Amino acid sequence: MAFELPKLNYDYNSLEPHIDARTMEIHHSKHHAGYTNNLNNAIANTKFENLSIEEILKTPELPNAIKNNGGGYYNHCLFWDILTPNGKAGSSAFISLIEKNFGSCDAMKEEFGKAAATRFGSGWAWLCASNGALSICSTLNQDNPLMESGCNGTPILGLDVWEHAYYLNYQNRRPDYINAFWKIVNWNIVETKYQASL
Ligand SMILES: [Fe+2]
């Protein structure tokens, strides 16, 4: 069964001014669609054809085309999922969990922002859950924590720091894009992903 480009739960212009409509349109309808099509082509008539995307990504020594496009498919699905116009605050229980793991929400954001800002070239920053604990890491290109990537756990929040994600609006100002990201995070969905990881 072929993977499908997911429909967004919001309009391309609804994340403005934090992410502009043109960037969203190209990012979803061109970049993510490209990863989806290339993934389907790469797995056609292979042993990966009937696996879930998680099962595919957890397979050791993936062929490059499947790794890059499978990661691109999965990472962008997660990214769209955890965004929402104006953002949604987390529950008090989840805020407590963040405080327990990082000291404070601001400390978590600072560590995440550092991971995102210092990822050289293209990649992603992640908040991961492992046995109930939270951690932060970053990966290169379209790698992600499900792969043998140096990260530990299940990704529950991710930020795309490829230039295609922000360059039209922010040019070289990646830190401004990272700061704007916090205003459109749907913490309800992040918490749902955390619960599912347990
Ligand atoms: Fe992207």
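This is a predicted model: local features need pLDDT of at least 70, side-chain atom pairs count only at pLDDT 80 or more; totals for chains, interfaces and linings use all residues.
**The disulfide**
- The structure holds one disulfide, and Cys137 and Cys151 form it with their sulfur atoms 2.0 Å apart.
- This pair links distant parts of the chain, with Cys137 in strand β2 (residues 133-140) and Cys151 in the loop between β2 and β3 (154-160), 14 residues apart.
- Both Cys137 and Cys151 are buried.

- Cys77 is partly exposed, with a relative accessible area of 22%.
- For Cys105, the closest cysteine sulfur is in Cys128 at 17 Å, too far for a bond.
- Cys105 is partly exposed, with a relative accessible area of 23%.

**Aromatic pairs**
- A search of the whole structure finds 13 aromatic pairs.
- One of these is edge-to-face: Phe112 and Trp182 lie 5.1 Å centre to centre, with 65 degrees between the planes.
- That pair links distant parts of the chain, since Phe112 sits in helix α5 (residues 105-118) and Trp182 in the loop between α7 (174-181) and α8 (187-197), 70 residues apart.
- Phe112 counts as buried at 0% relative accessibility, and Trp182 counts as buried at 13%.
- Trp182 also pairs with Phe181 in a tilted arrangement, 5.2 Å centre to centre and 50 degrees between the planes.
- Phe181 counts as buried at 2% relative accessibility.
- Ring pairs link a cluster whose members include Phe112, Phe181, Trp182, Trp187 and Tyr194.

Definitions and conventions:
Residues are numbered from 1 along each chain as its sequence is written. Side-chain values use heavy atoms; hydrogens and water are left out. A disulfide is a pair of cysteine sulfur atoms within 2.5 Å. Helices (H or I, at least four residues) and strands (E, at least two) are DSSP runs, numbered from the N terminus. Buried means under 20% relative accessible area, exposed over 50%, partly exposed in between (1.4 Å probe, protein chains only). Rings of Phe, Tyr and Trp (its six-membered ring) pair if their centres lie within 6.5 Å; planes under 30 degrees apart count as stacked, over 60 as edge-to-face and the rest as tilted.
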